[in-house]
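Hi,

Here is the structure I said I would pass on.

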Amino acid sequence: MQMRFESSWSLTLPRSALTPSKITEFALNAQKRLGTLVLLAVLLGVLALASPDLLIRRTLFAACLSLLALSCILMSIAQRYNKRRTAMIATLSDFIANDSSPSFLADKNGEILSSNLTARKRFENDVDDTLSGMLKNTLANPSGIVFRLQSRADHEGSAREDLVTRRGHLRLAVHQAGAETYLWRLEDVPTAAQAADGPTLPMILVGRTNAVLYMNEQARKIAGGRVKTLDRLFKHLPVIPGTVCDVSGAEGPTRALVSEVDAGAGRRALYLLPPGAETMAKDGWNVFQDLPVPLLKISQEGDVQAYNRLAASLIGVALKDRVHLSELMEGLGRSITDWLGETLAGRAPQQSEFLRLKRTDKEVFVQVTLNRVTEEGVPALIAVLNDATELKSLEAQFVQSQKMQAIGQLAGGVAHDFNNLLTAISGHCDLLLLRHDQGDPDFSDLVQINQNANRAAALVGQLLAFSRKQTLRPETLDMRDTLSDLTHLLNRLVGEKITLTLSHDPVLEPIRADKRQLEQVLMNLVVNARDAMPQGGQIRIVTECTDLTEPLERDRVRVPPGRYVTVQVSDDGVGIPSDKLQKVFEPFFTTKRTGEGTGLGLSTAYGIIKQTGGYIFVDSTVGTGTCFTLYFPVLEASEVAAPVAREEKPKPAAKHGDGVILLVEDEAPVRAFASRALRLRGYTVLEADSAEAALKTLEDASLNVDVFVTDVVMPGMDGPSWVREALKDRPGVRVVFVSGYAEDSFGETQIKIPNSVFLPKPFSLNDLTDTVHQQLH
């Protein structure tokens with residue numbers, strides 16, 4: 001599809017690149033020229049009115065209407081994009097609110113959209129609308145640095161740079177957080193110049209012209225005060241990094257090994273180290289021992305030559321002399337040796353990388369920044385480590401929540417559309433079954449269609465369960481009774497090779513959950529445990545009451561304090577590898593062979609448990625077994641209602657055919673089936689394909705309607721809105737809401753509408769007619 005307006009501007013949308021992001025970008029670019037587009041449409045309309053030829057007039061009118069429709073579509077897309085962007089900015093603002101480092105959200109022009117409390121406190125005297133303005137008193141050339149990092153982030157997704165300022169070392173990082181939105185983070189990097197305890201190294205910050213921009217206290221003691229140029233300090237220029245140079249000191253000439261670190265923006269940080277390789281190896285590294293930052297000295301082959309105390313504490317017992325860096329950490333995605341070689345050669349795209357330590361006791365991530373040094377002509381690397389475990393955990397939690405939310409929205413949307421299709425398929429199948437008896441040769445085929453439609457409906461129900469958009473019917477449950485009712489079925493599921501044992505807490509308190517859905521969760525867990533033990537074994541189900549006096553934090557989830565009923569389902573099976581353990585709740589992920597599982601069992605269980613208000617965790621050891629633990633909040637005593645004995649009344653026989661039904665459904669196949677089903681039962685049916693058409697029908701005051709049967713989600717006015725409008729003039733009419741979404745998605749709205757019930761899609765012929773009959777009687 002290609003559109004060109006040669007007079008003022010042109011837009012091209014390639015057919016091969018019709019992605020949502022490209023369509024949105026196209027719409028936003030077009031919106032900037034929306035005035036021209038509308039003006040062109042008006043011009044075509046005027047030309048059409050002025051044209052005497054009927055064919056030309058119609059053609060111009062059609063073009064005019066097409067341009068106006070296109071303008072509306074583009075404006076709608078842009079508005080939806082702006083809403084999503086506003087929601088994303090609000091989410092990111094909440095995400096950075098409690099960060100201890102100054103963080104900003106900015107657009108592509110550098111205008112600040114949001115900042116956290118730390119940033120506002122730190123830059124309270126430098127308040128500005130732009131990021132460059134905020135940093136004007138912190139960095140020498142903030143505009144250039146911001147532009148450079150943002151350009152790299154546009155290509156790589158993120159960028160960071162370590163900068164040396166008069167106030168110390170800073171790390172400025174940027175992450176692309178969406179279209180035209182960037183997350184900036186400013187972090188103070190502890191260095192030798194900032195160490196308050198123990199010995200510190202003399203450091204001199206030098207500009208492009210060898211002007212001395214900053215000297216720390218130790219460097220000033222050597223020089224006898226502040227100097228402005230390097231020639232006042234060094235006898236021979238230029239200063240060659242990695243060589244021993246003569247330094248003019250206050251107490252006479254001295255010698256020092258000079259190491260150079262790139263400080264960004266063309267600046268260099270010169271460190272004066274103890275001279276001589278032997279002295280450095282034996283005594284000089286002691287200077288680094290008490291520095292408040294983990295440091296490693298690495299040879300060009302990648303072996304650790306020296307390290308300080310903080311590095312040993314961070315990396316653990318595996319850190320020792322001559323150990324290769326690849327034996328200590330992993331996760332670069334390529335050979336660590338190649339990374340070290342590129343850094344030594346000056347070809348590394350970025351100096352710092354996030355790696356995972358190979359510790360067996362806990363998971364630790366580090367940010368490793370490499371700096372090239374030369375000692376007596378031999379190149380080496382100084383690695384500065386920062387513990388990034390908390391940052392990576394927050395990042396993983398944010399990414400996981402965004403991914404699960406996106407998959408949930410997709411699953412909910414797909415389920416809604418499938419429910420409409422399944423309603424039409426199973427409904428028309430019901431209509432055909434009414435005209436065929438069991439002796440008919442087509443009867444078995446129709447039964448197969450009906451059964452498979454029901455299986456598809458169950459699969460769609462699993463998608464809704466994962467996306468937490470299914471309709472739940474919660475009730476007060478005693479887990480012992482639930483498992484007792486389920487024991488017979490579970491024993492049949494596990495077979496003869498496997499023993500199923502149940503153990504209950506003698507004082508088990510009630511919970512609130514949907515019994516049918518909870519049974520599905522337990523069956524899924526037991527079936528998975530059975531499949532993990534092909535040679536047989538034991539499955540244990542243990543229930544107990546647990547008091548959490550402190551929050552339980554695990555698997556990036558925080559369980560608040562309180563009283564819970566826990567259910568543990570454990571087996572002695574093959575176990576789940578650690579790299580797959582965090583993916584087991586994702587839809588369509590399975591460790592079974594092809595054809596043995598859909599990958600929806602655990603994702604369904606996850607969705608049901610979360611929608612119920614509970615928590616689910618998994619522990620597994622390869623070769624030992626797996627244990628799933630469910631947490632359900634205990635129902636408070638005030639919430640437990642005493643069971644009321646209800647008198648069972650015989651259900652009256654359905655007598656259909658005495659009522660007028662207004663059927664409102666935008667899906668034509670669903671509307672066709674529903675109208676035929678109701679007419680077969682003798683009802684008078686009025687049809688409308690939209691809410692507006694329904695209200696138009698009701699303008700006839702002489703028309704008597706007994707029941708509204710309406711879809712909830714429709715183009716234009718939705719179901720609850722038009723029903724509220726119609727009930728103003730017809731307050732006695734009863735309502736049946738139907739929807740492929742969950743009842744909870746509009747439950748509060750339905751409660752406010754009297755005499756209304758909910759019928760979820762897909763529904764059968766009998767489901768629909770019986771619901772209408774109950775509303776009438």
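Phe708 is buried, with a relative accessible area of 0% (buried means under 20%, exposed over 50%, partly exposed in between, using a 1.4 Å probe and protein chains only). Trp722 is buried too, also at 0%. The ring centres of these two are 5.1 Å apart with the planes at 50°, so the pair counts as tilted (rings of Phe, Tyr and Trp, the last by its six-membered ring, pair if their centres lie within 6.5 Å; planes under 30 degrees apart are stacked, over 60 edge-to-face, the rest tilted). Phe708 sits in strand β30 (residues 707-711) and Trp722 in helix α20 (residues 719-727), 14 residues apart. Helices (H or I, at least four residues) and strands (E, at least two) are DSSP runs, numbered from the N terminus.

Some housekeeping: this is a predicted model, where local features need pLDDT of at least 70 and side-chain atom pairs count only at pLDDT 80 or more, while totals for chains, interfaces and linings use all residues. Residues are numbered from 1 along each chain as its sequence is written, and side-chain values use heavy atoms, leaving out hydrogens and water.

Back to the rings: the structure holds five aromatic pairs. One of them is Tyr564 with Tyr631, edge-to-face at 6.0 Å centre to centre and 80° between the planes. Tyr564 belongs to strand β25 (residues 562-570) and Tyr631 to strand β27 (residues 625-633), so the pair ties together parts 67 residues apart in sequence. Both count as buried, Tyr564 at 5% relative accessible area and Tyr631 at 13%. Ring pairs also bring in Phe617, making a cluster with Tyr564 and Tyr631.

Now the sheet. Five strands form an open sheet with mixed pairing, in the order β20-β22-β25-β27-β26 (two strands pair if DSSP finds at least two bridges between them). The edges are β20 (498-504) and β26 (615-621); each has a single partner strand, so one side of each has no neighbour in the sheet. β26 and β27 run antiparallel and are joined by seven bridges, and Val618 stands opposite Phe628 in β27.

Helix α14 (residues 479-494) packs on the sheet, touching β20, β22 (537-548), β25 and β27, and its direction makes about 175° with that of β20. Contact means heavy atoms within 4.5 Å; axes are lines fitted to C-alpha atoms, for helices over the stretch in contact, with angles from 0 to 180 degrees between N-to-C directions. Helix α15 (residues 515-531) touches β20, β22, β25 and β27 as well, at about 170° to β27.

Cheers
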